[in-house]
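Welcome! Here is a short briefing on one structure, to read with the sequence and the 3D view side by side.

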Amino acid sequence: EYDEFFIFADNSVQPSRLWSEKYKLVRERTPSMITPEVASAALIAGKAVDFLRACCDDREWVLQRASKMTERDFEDSRELSNLTEAISAASSEASERVKSLMFGEFRLVAHFESLRSYLLLMRGDFVQVITDALGEDLDKPAGMILRHNLVRVLENTMRISSAENESEVDHDRLDVRLLEASKKDTGWDVFRLDYRFTEAALENFFSDRVMSRYMRIFAFLWKLKRAEHCLRDLWETQRGWNASLNSSRNQLFLRCAFLRVQMNHFILNLQYFLVYEVLDSSWKTFMEELKSASDLQVLLGSHASYLNSITTRALLREESRDQHERILRILDAILDLKELQEQIYRPEAGLEFTMQKGGKADTQSALGKLEKQFDSSMAGLLESLNVRTNDDNLVLLALRLDFNEHYSVVGTEGLL
């Protein structure tokens, strides 16, 4: 009533944000005899009890626990040592109940696994099927994409991939989201997989802010899958190469084939690094931390650390902007190569080509610019990975990408 208690409660906060926003510890109001550790334990205990009641609909357990408190318990807690012990015990008991419900009834680990499988694209057969099934539609301008068609493809993919047999999958949660499109966007640019939560208990874990982090990681991994799909299309065209093409087109086509091999080497090694050194490694650490988490606060912290590890090591943070932008330029070059090769392969096509960035040029000049763009972007990326990082795994990635030091030579020549 007089706003004097050392824990402040904001009763306007919705249950979906209860844990992170409703209760705050007011340090200046904390009695001097209560240590910061005890005050924090009291905060955790109170949050856990309210979480059980408001988010888990577990009022019965809360009432049963309250009914066990006798008048003697309150009398004993007047002694400071007993009060400390009582708060610690209450915090531990309530936290254990929260963990039991989150891991049991609310299947928290199963949802982590689903997010890893689908939003982080770690379920290989599902990703392969959906990119193949959507590829033709997503190549169209974004304005021509119909969401219900994509949802139908997603549902079919779930049925024919191993996802259908996995207990971790809640099919009603996985959905398609289309971003607002700009003029030049294709379906690939606006397509996102989404995973929805409606339970307040889970929304405390998977807030809009947390899900936006998953979306950012998905967007980057999806660009790589698009590039991989594009390179596969390039290979299919090159398999049907006709030696009877006129000599000028023949030479251009051979150069396209050599550039595709270089680009494919880059994509394969970058994806290997992301899967095994970033996503898989971060996941194993996260799972170990979950096993030893003492309360929901620790669980939330472990989840945040997991996402931080991925965004940092996948070069998605602000301090890695230069490296990330060089990777995006390489991905743009892959898209340009596909369109350029298609133009070379069609005898009836003209020899003027519009690049993703850089305007129009005749086909031969465009290919030369593309080769230089790829080489310079690779050289710059490798130099950045070697010089500006403290991550040994990134240094090893650079070694795999430039095992014969070809791009080191290119980079040196660019400085002369």
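A residue is called buried when its relative accessible area is under 20%, exposed when it is over 50%, and partly exposed in between, using a 1.4 Å probe and protein chains only. Phe112, at 1% relative accessibility, therefore counts as buried. This is a predicted model, in which local features need pLDDT of at least 70 and side-chain atom pairs count only at pLDDT 80 or more, while totals for chains, interfaces and linings use all residues. Residues are numbered from 1 along each chain as its sequence is written, and side-chain values use heavy atoms, with hydrogens and water left out.

**Aromatic rings**

- A pair of aromatic rings is described by two things: the distance of the centres and the angle of the planes.
- Rings of Phe, Tyr and Trp (its six-membered ring) pair if their centres lie within 6.5 Å; planes under 30 degrees apart count as stacked, over 60 as edge-to-face and the rest as tilted.
- Searching the whole structure turns up 16 aromatic pairs.
- One of them joins Phe112 and Phe206 edge-to-face, with 5.5 Å from centre to centre and 65° between the planes.
- This pair links distant parts of the chain, 94 residues apart: Phe112 sits in helix 6 (residues 108-119), and Phe206 in the loop between helix 10 (200-205) and helix 11 (208-239).
- Helices here are DSSP runs (H or I, at least four residues), as are strands (E, at least two), and they are numbered from the N terminus.
- Phe206 is buried too, with a relative accessible area of 4%.
- Why is the pair of Phe205 and Phe206 tilted? The ring centres are 5.9 Å apart and the planes are at 40°, so this pair is tilted.
- Phe112, Phe205 and Phe206 belong to one aromatic cluster, along with Tyr195, Phe197, Trp283, Phe286 and Tyr306.

**Ile44 and its surroundings**

- You will find Ile44 in helix 2 (residues 36-54), and its 11% relative accessibility makes it buried.
- Which residues does Ile44 touch, leaving out those up to four places away in sequence? They are Trp19, Ser91, Ser95, Asp295 and Gln297, where contact means heavy atoms within 4.5 Å.
- Ile44 and Tyr23 are 21 residues apart in sequence, and their C-alpha atoms are 9.4 Å apart in space.

**Cysteines**

- A disulfide is a pair of cysteine sulfur atoms within 2.5 Å, and the count by this rule is 0.
- Cys55 is in no disulfide, as its nearest cysteine sulfur, that of Cys56, is 6.2 Å away.
- Cys55 is buried at 9% relative accessibility, and Cys256 is buried at 0%.
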